[in-house]
Amino acid sequence: MGKRSNRQKNTNVFDSDDDTVSTSSTSMSDVSQAQENEEVYGGGNQLENYLDALYEKRGSVREKALEGFVSAFASQVQSQFAKSNSITLQHQFINSIKRGSTSEASLASHALGLLSLTVGSGDSAHEILEESLVHLAQVLKSVSDSRKKSAVLDCLAILTFVGGNEPEETQKSMQILWQLIHPKPGSNVGVASKPSPSVVAAAVSAWSFLLTTVDGWRMSSSEWQESVSYLSTLLDKDDRAIRLAAGEAIALIFEIRSLEKEFRDADGDSVVEGKNSQGVFSYVEALKGKILNQVRSLSVEAGGKGSAKKDLNNQRSLFRDVLEFLEYGHCPETSIKMQHGDSLVVSTWTQLIQLNFLKHFLGSGFAKHMQENELLHDVFNFTPKKRQLAGHGHLVGSEKRMFKSPNSAVNKARTQLLNKQRMLAQDRNAGLYNAVLNEDV
């Protein structure tokens with residue numbers, strides 16, 4: 001493949017459909033749904049009416065209330081109400097997730113995730129995660145309905161992303177997700193030992209989303225090898241959503257920590273020594289070659305298998321981006337136009353995966369939250385022009401956002417590494433995969 005200039009993708013969040021690689025199930029209700037619900041409940045504080053309705057015995061009434069919450073939390077940043085009622089809302093949403101119908105549980109999962117995004121990073125979000133994790137994990141083990149499982153997976157990812165203060169908390173959620181992606185023989189994965197393709201794709205996307213917040217050196221070499229090796233097998237699956245999710249995950253892993261780096265300590269010395277080192281290096285080289293061939297093939301795949309043209313084009317586009325990154329270190333750049341002349345630009349796989357997941361989860365409410373939600377301002381280091389004109393500076397989030405903001409020390413270091421890899425690739429007139437294993441990158 002000839003070397004190409006870094007491609008920039010421009011989208012308008014108001015005009016375009018959601019073309020991200022997200023795979024969860026519950027679609028967003030639009031603002032008109034809230035107006036319809038106002039007619040159902042009528043008068044007074046509408047959010048209070050929705051909360052009262054969650055105690056009703058009839059599932060249809062609770063569903064209407066949950067639709068109202070999803071619409072209200074997505075279309076407006078309801079910070080005051082969410083913070084004042086977070087414990088009560090959390091308990092009611094969890095009850096609906098555990099005991100409700102598929103539709104009710106899916107809506108409640110969405111509402112719970114939106115609640116966490118609304119209260120933002122801090123004690124409330126952390127408490128929501130702590131109180132919800134065991135219930136969400138149990139639901140994932142005990143139910144087989146794909147729609148419900150996918151909604152819970154998205155919810156778990158959002159709750160952990162916002163409320164996970166410690167790396168161990170994030171890794172615990174990632175382990176739950178990985179057990180669904182790659183169930184091991186004899187593991188207790190409940191009734192869904194063979195999850196549907198849509199659930200696998202949702203789990204991979206959620207796992208990748210959380211991986212964007214993890215310090216790469218906290219994961220052992222064996223864990224990285226296992227992840228990359230199994231994800232490469234998913235590239236051969238018939239389901240396109242699985243292939244797309246796996247492709248993004250692989251690109252992210254190589255961005256965070258190239259496989260060559262796996263076998264060196266912080267001083268640049270090999271951490272694989274002795275007679276086994278050559279075998280390990282050979283395995284890694286073979287795995288890299290396999291992935292390159294898979295990605296190259298998927299980037300030019302012809303039609304067939306009943307594929308929709310748009311889906312096929314999305315696959316080709318994604319894997320061309322992955323291939324260019326793996327060969328030359330070029331990350332795709334995406335610019336999203338929003339209100340008041342604002343533009344959000346992302347230029348790393350970490351940022352792109354975070355953007356896609358949050359845009360998918362918030363649906364039509366993404367633009368509103370990007371303008372008003374301080375949590376998202378911190379995640380993307382974004383200050384809307386409206387706030388700048390009003391004289392408000394950027395609000396720095398809690399310390400845990402260090403691993404989530406693209407402007408953090410971790411991501412700056414990652415960018416420096418990628419830039420150095422690009423320079424080395426140009427000097428050698430070769431790709432990332434021709435790097436010498438014992439070279440101190």
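Here is a short chat about cysteines, aromatic rings and helix packing in this predicted model.

Visitor: Let's start with the cysteines: how many disulfides does the structure hold?
Guide: A disulfide is a covalent bond between the sulfur atoms of two cysteines. To count here, two cysteine sulfur atoms have to lie within 2.5 Å. The number of disulfides in this structure is zero.

Visitor: Is C155 buried or exposed?
Guide: Anything under 20% relative accessible area counts as buried. C155 comes out at 0%, so the label for C155 is buried.

Visitor: And C331, buried or exposed?
Guide: Use the cut-off of 20% again. C331 has a relative accessible area of 2%, so C331 is buried.

Visitor: On to the rings. How are the planes of W178 and W207 arranged: stacked, edge-to-face or tilted?
Guide: A pair of aromatic rings is described by the distance of the centres and the angle of the planes. The structure holds nine aromatic pairs. For W178 and W207, the centres sit 5.0 Å apart and the planes make an angle of 40°, so this pair is tilted.

Visitor: Which helices do W178 and W207 sit in?
Guide: Both tryptophans are buried. They are 29 residues apart, and their pair links distant parts of the chain. W178 belongs to helix α9 (residues 167-181), and W207 to helix α10 (residues 197-211).

Visitor: Which residues do ring pairs link into a cluster?
Guide: Rings pair if their centres lie within 6.5 Å. Linked up by such pairs, the members of the cluster are Y50, F69, F73, F81 and F93.

Visitor: Now helix packing: are α12 and α14 roughly parallel or roughly antiparallel?
Guide: Helix α12 (residues 240-256) and helix α14 (residues 309-328) have axes that come within 10 Å and cross at roughly 15°. Angles under 35 degrees count as roughly parallel. That's why α12 and α14 are roughly parallel.

Visitor: Is the crossing of α12 and α14 left-handed or right-handed?
Guide: On the α12 side, the residues that meet α14 include R240, L244 and F254. Among those they meet in α14 are D311, L318 and F325. As for the hand of this crossing, it is left-handed.

Visitor: What about α7 and α9: roughly parallel or roughly antiparallel?
Guide: Helix α7 (residues 123-142) packs against α9 at about 15°, with the axes 12 Å apart. The contact involves H126, E130, L133, A137 and L140 of α7, along with E169, K172, S173, I176 and L180 of α9. The crossing is left-handed. Given that angle, α7 and α9 are roughly parallel.

Methods: Residues numbered from 1 in each chain as written. Predicted model: local features only at pLDDT ≥ 70, side-chain atom pairs only at ≥ 80, totals over all residues. Heavy atoms only, no water. Buried < 20%, exposed > 50% of the residue type's maximum accessible area, 1.4 Å probe, protein only. Phe/Tyr/Trp six-rings, centres within 6.5 Å; stacked < 30°, edge-to-face > 60°. Helix = DSSP H or I, 4+ residues; strand = E, 2+ residues; numbered from the N terminus. Axes fitted to C-alpha atoms, helices over the stretch in contact; angles between N-to-C directions. Parallel < 35°, antiparallel > 145°, perpendicular 65-115°, else oblique. Left-handed = near helix turned anticlockwise from the far one by under 90°. Contact = heavy atoms within 4.5 Å.
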